[in-house]
Amino acid sequence: MSEQPATVPVPERLPLDEHAAASVLAYASEQRAKVDVLASVLEDIAANGYPVPETGVLWETARDAHLARLPDEQPRVA
């Protein structure tokens, strides 16, 4: 990030209610976990190179497995 101060004044903020704040924090935590997994994969690739295709999972297989799991997931209640 830049060390220079913002040139545009930051507008006042409206506080969130307790439920909304908890939802935002839960979403942020989920996203952080996903990014952490991605970062660890990228770090592994940087340190060790790409895996050989013969040892991986075809993207079609991974996609189909993911799509098969979707109906089992419970809808999120906001």
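Mentor: Start with a definition. Buried means under 20% relative accessible area, exposed over 50%, and partly exposed in between (1.4 Å probe, protein chains only). The model here is predicted: local features need pLDDT of at least 70, side-chain atom pairs count only at pLDDT 80 or more, and totals for chains, interfaces and linings use all residues. Residues are numbered from 1 along each chain as its sequence is written, and side-chain values use heavy atoms, with hydrogens and water left out.

Trainee: What share of the protein chain's residues counts as buried?

Mentor: Of its 78 residues, 0%.

Trainee: How many helices and strands does the protein chain have?

Mentor: Helices (H or I, at least four residues) and strands (E, at least two) are DSSP runs, numbered from the N terminus. This chain has two helices and zero strands.

Trainee: What span should helix α1 have?

Mentor: The expected span is 1.5 Å times one less than the number of residues. Helix α1 covers residues 18–48, which is 31 residues, so it should span 45 Å. Its end C-alpha atoms are 45 Å apart, which agrees.

Trainee: What follows α1?

Mentor: G49 does, and its phi is positive, near 85 degrees.

Trainee: Which side chains meet in a salt bridge?

Mentor: A salt bridge is a side-chain nitrogen of Lys or Arg within 4 Å of a carboxyl oxygen of Asp or Glu. The count comes to one. D64 and R63 form it, at 3.1 Å, N to O.

Trainee: What are the relative accessible areas of D64 and R63?

Mentor: D64 has 42%, so it is partly exposed. R63 has 36%, so R63 is partly exposed too.
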